[in-house]
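Hi everyone, thanks for coming. I'd like to walk you through one model today, so please have a look at it with me.

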Amino acid sequence: MQPTSKTTPSRLAKRTRHDEEAIYAILDEALFCTISCVIDGQPFAIPTAFARYGNYVYIHGSVGSHFIRSIENGAPVCISVMLTDALVVAKSAFSHSVNYRSVIMFSSAEKVEAYHPKAEALKWITEKIVPNSWDYLRPMTESEVRKTTVLAFKIEEASAKYRTGMPNDEAEDKALPIWSGLIPLRTIREAPLADDSSLSLPLPAHLIPIEISI
């Protein structure tokens with residue numbers, strides 16, 4: 001997608017990519033995003049689960065949510081995602097950094113009104129958070145779908161930015177007897193914990209822990 005003034009960083013632009021492959025890969029790996037907007041002159045930033053399907057990001061919320069109702073009619077928003085891969089430990093605190101992958105996108109909500117597209121979007125979000133769970137769960141009722149707002153945001157003005165590699169120490173610091181390098185970070189799914197009503201039930205196959213990096 002074409003860079004714009006909002007998706008071209010003023011610093012370290014060489015770390016930025018505007019191709020769909022890079023942007024989609026980060027969006028697909030991240031479980032949560034932050035949606036920021038201005039409502040009545042007050043800035044708000046709300047973290048939420050999301051899913052990408054095609055060139056849209058989908059979120060859901062209660063029909064009674066003030067935030068959802070404030071943006072469902074097309075108010076401009078900024079959506080951000082960040083995946084942290086490692087802490088970059090340099091020989092000087094000034095040179096410490098983070099290895100990361102991030103996406104910033106600017107868009108406006110398109111409210112999904114029809115029942116079946118809404119239900120499909122809710123399936124995408126559910127399957128992303130708990131893979132292969134949709135068919136195992138009690139089906140959603142029509143009332144539950146009606147009580148839920150689904151918003152779609154077109155991925156049209158977006159960029160990915162990332163940092164990789166070791167610390168960039170100053171030349172005069174490299175000989176100092178101070179350890180420098182990376183502290184890798186990762187997020188994993190640990191063993192599920194049953195509530196009281198499920199203590200006697202076998203763990204379904206789709207809940208057996210798998211490691212994910214986010």
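Let's start with helix α3, residues 115-129. Helices here are DSSP runs of H or I with at least four residues, strands are runs of E with at least two, and both are numbered from the N terminus. The expected span of a helix is 1.5 Å times one less than its number of residues. For the 15 residues of α3 that gives 21 Å, and the end C-alpha atoms are 21 Å apart, so the two agree.

A word on the source: this is a predicted model, where local features need pLDDT of at least 70 and side-chain atom pairs count only at pLDDT 80 or more, while totals for chains, interfaces and linings use all residues. Residues are numbered from 1 along each chain as its sequence is written, and side-chain values use heavy atoms, leaving out hydrogens and water.

Which residues of α3 are buried? They are Lys118, Ala119, Ala121, Leu122, Trp124, Ile125 and Lys128. Buried means under 20% relative accessible area, exposed means over 50%, and partly exposed is in between, with a 1.4 Å probe and protein chains only.

Now to the cores. A nonpolar core is a set of buried Ala, Val, Leu, Ile, Met, Phe, Trp, Tyr and Cys residues joined through side-chain atoms within 4.5 Å. The largest one has 28 residues, and Ile23, Leu27 and Phe50 are among those with the most contacts inside it. Its largest share, five residues, comes from α1. Leaving aside neighbours within four places in sequence, Leu27 is in contact (heavy atoms within 4.5 Å) with residues including Phe50, Val57, Lys128 and Ile155. Apart from this core lies another, of 12 residues, and Trp124 and Ile125 are among them.

Next, strand β5. Five of its seven residues are buried. Two strands pair if DSSP finds at least two bridges between them. β5 runs antiparallel to β4, with three bridges, and Tyr53 stands opposite Tyr56. With β8, β5 pairs over seven bridges, also antiparallel; here Gly61 stands opposite Thr149.

Finally, some backbone angles. Most residues other than glycine have a negative phi. Asp40, however, has a positive phi of about 55°, and this residue is found in the loop between β2 and β3. Is Asp40 buried or exposed? Its relative accessibility is 77%, so Asp40 counts as exposed. Asn132 also has a positive phi, near 65°, and lies in the loop between α3 and α4. Asn132 counts as exposed because its relative accessibility is 58%.
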